[in-house]
Structure formats: C-alpha cells, structure tokens
Amino acid sequence: MNSAYAKGVSQSRKDSNKWLRKVAKGIKGNVLSIGSGDDLDGTNTHYRDYFTQAKSYTTSEFIGTWDVDEIIDVCDMKNVADGKYDCVFVSGVLEHVPELWKAVNEIKRIIKKGGTLLLGVPFRQHLHGKPYDYWRFTRYTLEYLFSDFTIEEIKEIDTSVERFPSAYWFKGLKI
C-alpha cells in the first residue's frame, strides 16, 4: 500500500480491508463483485487482488459509467444463471437499493450451493450517494436476511463507539 495514499484512509476502511484480505484469499472458483465501481479498496489496491486463489473475478455495476465486465441490476440479474458463482462479493451496495428483498433474493439465487457470500454493509455511516441512501443494517438484520446460510462470521468494524460499529462484514455459505 502506498503510505502517502493511506494516510487519509479511515480506520474503518483499514479494518474492513484487513478482514476482507484474510477471508478472500481462501476463496476459489468464480467470483462476482457486485457494485464494483473502479474496484479500488480505498488504498489504491484492487479488490480483485485479494482473491488470490479465484478462478475468475468478474466486476459489475448498475450503470455503464464504469469500466466493468458486466452491467447488471442487483434486483434483476436475469442474465445470470442460477448458481453460477462460487462467491458473490458485495460491499457498499445494499444500502442504495430501494427494493432490498429483490436484491437479496437475486444474490442468493446466483450463488452455488455451498458457495460464499461476502457482504459489507454500513451501520454508523454518514449519508452518501444522496438521495439513494436507504438502509442501515445490524447484525440481526444480516442474520434474518441470510437465515438460509451457514453464517461463518459477522465481523463488526470500528467498535470505537461502544455498541455502535461503523459497519458489518458477513461471511456465509449457501445451504
């Protein structure tokens, strides 16, 4: 990581990246990154570089203003086959989706049985992407939404404010 670049990086971002690097390095098979944007992790490194054992890494976005592999709507991924991906990686997306249930169902649909979901969601975060900032999530929301997954970990990020983490990372396996 470029140390000059990293000076402006929040502790939350550093903690998120550390956790994601740890869990992503063991992911094998085909990975879909939903809401990839430029695929940068905030420290001038690409997320794709975290997935060192992946067979493939496909970037995607909702609109065509980014240089990504696929243009998809997380609420209607009709062009993605059921169970196509071994891992779906979603970070900073679900809070911007007005039809949350549709997005969650589509994400579940495209993950293979036994496949991994890596999901990052905000809890204590400023409004961003206005006016398309709809949701904040608790660990209980994640447990509820993904009760049909084996939950391997729900990681609280930046617990400097007691009982008020900045974000959560979820790692679960599709049952």
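1. In this predicted model, Phe62 counts as exposed, since its relative accessibility is 53% and a residue is called exposed when that value is over 50%. Phe62 is located in the loop that connects strand 2 (54–61) with strand 3 (70–71). Together with Ile63 and Trp66, Phe62 makes up a nonpolar patch on the surface, and the accessible area of these residues together is about 330 Å².

2. A patch of another kind, one of positive charge, is found on the surface where Lys18, Lys22, Lys25 and Lys155 gather. Lys22 belongs to helix 2, which covers residues 11–24, and with a relative accessible area of 48% Lys22 is described as partly exposed.

3. Strand 5 itself, spanning residues 111–122, is mostly covered, as nine of its 12 residues are buried, where buried means a relative accessible area under 20%.

4. Along the chain, Tyr140 and Ile154 are 14 residues apart, and in the model their C-alpha atoms are separated by 9.9 Å.

Note on methods: Residues are numbered from 1 along each chain as its sequence is written. This is a predicted model: local features need pLDDT of at least 70, side-chain atom pairs count only at pLDDT 80 or more; totals for chains, interfaces and linings use all residues. Side-chain values use heavy atoms; hydrogens and water are left out. Patches are made of residues with over 30% relative accessible area and no salt bridge: like charges are joined within 9 Å, nonpolar side chains (Val, Leu, Ile, Met, Phe, Trp, Tyr) within 5 Å. Accessible areas come from the Shrake-Rupley method with a 1.4 Å probe; for residues, only the protein chains shown count as cover. A salt bridge is a side-chain nitrogen of Lys or Arg within 4 Å of a carboxyl oxygen of Asp or Glu. Lys and Arg count as positive and Asp and Glu as negative; His and the chain ends are not counted. The place of a charge is taken as NZ of Lys, CZ of Arg, CG of Asp or CD of Glu. Helices (H or I, at least four residues) and strands (E, at least two) are DSSP runs, numbered from the N terminus. Buried means under 20% relative accessible area, exposed over 50%, partly exposed in between (1.4 Å probe, protein chains only).
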